[in-house]
Protein chains: 2
Amino acid sequence: MEKIKQLQQDFADFMAKTDFGGNPAELYAPISYTILQSGKRLRPMLCLLANEMFGGDEQQALWPALALETFHNFTLIHDDIMDQAPLRRGKETVYQKWNANIAILSGDAMLAMAFQYALKPEKGAELAQLLGKVAREICEGQQMDLNFETLGNVTIDEYLEMIRLKTAVLLASALQMGATVAGAKEADIQLLYEFGINLGMSFQLQDDILDLYSDVATFGKKHGGDIADNKKTYLYLKALGLASEKDRKRLEHLFTLRIDHDEEEKIEEVQAIYDRLHVKEASERVMADYDQKAFKALEAIDLPAERKIHLRTYAELLSGRKK
Amino acid sequence: MEKIKQLQQDFADFMAKTDFGGNPAELYAPISYTILQSGKRLRPMLCLLANEMFGGDEQQALWPALALETFHNFTLIHDDIMDQAPLRRGKETVYQKWNANIAILSGDAMLAMAFQYALKPEKGAELAQLLGKVAREICEGQQMDLNFETLGNVTIDEYLEMIRLKTAVLLASALQMGATVAGAKEADIQLLYEFGINLGMSFQLQDDILDLYSDVATFGKKHGGDIADNKKTYLYLKALGLASEKDRKRLEHLFTLRIDHDEEEKIEEVQAIYDRLHVKEASERVMADYDQKAFKALEAIDLPAERKIHLRTYAELLSGRKK
């Protein structure tokens, strides 16, 4: 845990040293506002831990870590326009606090900044190539997510592919970037990537569960927001598959209602159906499968077990295996 | 002219070989739709001509040329959302033909693709760094342009700085990228960059003039669109400076009217004031100054004059010195 805390501190120090300002202020104020909000710094941490695992130079790895955090925050700013989301992490979104045009433009600038940061270390060209690839995948995932809003029949497989692209590939790429800086072997980088994909899938499924089954205070979002927004999550799609004809029709109907209806009542009714069908438990079983695959890939990496301790501990904390 | 035509053809062939498609189709269709529209391919041509001038490898330079065209088209897609523009080059904009969300997302993917293309050649890291720098500058220029919409008093200097960032730096960077691929000397790259900045300033001033003083058929945009949109162009700002108190107040009032007013009448009245104050001629004089500075910088480049012929001819065609 000491190592994890130290890397967290190192990244915080690195962020504090970085100048996110510039002119015109209207462009840069939303950038500092977004990126300097406290967050888990999950992607930078995965990058730094992967680099540490392979004995890489932390000073070099801080750049892709910063690139990843900047890139991630760019996606949040643009996603919030598309979702017309007023709040994020309990604070006003850029879209809400400024306007859509400023949110588009400051997001664009952040995407360019992410590439600038990725290009800084010796292996900059390789890191920027990885960023380019994952950036496109994430756009593809977000487009799938937008498509799902109007698609009548989304399958569970399509949903899993969407969250792979929208969430898992960035975690996997964060690990890959850290290992690349450290000069790890290609086979080990591939295993680490696989670890990241599976961890990411589990992470997103957990996020879907927490959206409904946690309190607002710890999670910082509206309770049951996915249901209010008619998001077709794993919980919803699994429930549709397990439901009686009557429940299925009711669920489908509830997921056409817009926010002007009684939101609380809708969330309660959907949750009652979910609970009756035990979809939370089904979701947790799938999560456990992904976790198992993740840790199997981590184990297969050609390094002594003691080198993997910090990344393993961090991932266990994430996946809820460790509290 | 033979060389110019050949490079144009080579770039067209390179574009035709490039696969702009992908899944989901909703993300990639707007990308091919935009980038495969016929255009001047100005930025790619400047890149290829600069590379040719310094005897570089054309195969390597085609990549930054493609990156520049992809990047430029990304800016058009996002600008059209911000301007709520229905038409571009006489065709529906992505924003209009699809919707704002798809325009945001396919633009984002194109920005990532531009970096991927820039990273392809041997000097990929350097090229991507140049792209990162110019991408931020263009966001800054676009933000200044947005600010001008609501700002009461924009100075001519502020306007010139805005068009430098929004237009000129990309032309200068296109030349810089071509010369970088060719391994030109730093001092020559700087002169070429200066050539590009001045050419770009002249080019934008010409664009502002053509918006009002050309027929729709050749220009592909609405006649007097800048006046209809209350754009504070050089013509407008110069007119404000030269106008009598009465004309100035009238102009300022006309530039608060929104499109539900009689557009044709407004454009005619503004044009009558411009003509009376000879701001077209004033604008052309400033253009000529920039042109002169541009060609002086080109002359100072340490190469025999015959090596500069093709770039010079192309620039003369652009600036209207040659028809």
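A salt bridge is a side-chain nitrogen of Lys or Arg within 4 Å of a carboxyl oxygen of Asp or Glu. The model on display is predicted: local features need pLDDT of at least 70, side-chain atom pairs count only at pLDDT 80 or more, and totals for chains, interfaces and linings use all residues. Residues are numbered from 1 along each chain as its sequence is written, chains are lettered from A and ligands numbered from 1 in the order in which they are written, and side-chain values use heavy atoms, with hydrogens and water left out.

**First selection: a network**

Select A:E245, A:R248, A:K249 and A:E252, which a network of salt bridges links. Over all chains, a search of the whole structure finds 33 salt bridges.

Next, select residues 263-277 of chain A, which form helix α14. Helices here are DSSP runs (H or I, at least four residues; strands are E, at least two), numbered from the N terminus. The expected span of a helix is 1.5 Å times one less than its number of residues. For the 15 residues of α14(A) this gives 21 Å, and the end C-alpha atoms are 21 Å apart, which agrees.

Now colour A:K266, A:I267, A:V270, A:Q271, A:I273, A:Y274 and A:L277, which are buried (buried means under 20% relative accessible area, exposed over 50%, partly exposed in between, with a 1.4 Å probe and protein chains only). These residues cover an arc of only 160 degrees around the axis, which puts them on the same side of α14(A); the arc is that of the directions from the helix axis to the C-beta atoms. On the face turned away from the buried side, find the exposed residues A:E265, A:E268 and A:R276.

At the start of the helix, a side-chain oxygen of A:D262 comes to within 3.2 Å of the backbone nitrogen of A:E264. Just after the helix, A:H278 has a positive phi of about 55 degrees.

Select A:K280 and A:E284, whose side chains form a salt bridge (3.3 Å, N to O). The two are four residues apart in helix α15 of chain A, about one helical turn. In helix α16 (residues 309-319) of chain A, A:E316 and A:R312 are also four residues apart, and their side chains meet in a salt bridge (3.8 Å, N to O). A:E316 is buried at 14% relative accessible area, whereas A:R312 is partly exposed at 24%.

**Last selection: a pair in chain B**

Finally, select B:K231 and B:D145, joined by a salt bridge (3.3 Å, N to O). B:K231 lies in the loop between α11 and α12 of chain B and B:D145 in helix α7, so the pair ties together parts that are 86 residues apart in sequence.

Note on methods. Polar contact = N/O pair within 3.5 Å; in protein donor to acceptor, adjacent residues only side chain to side chain.
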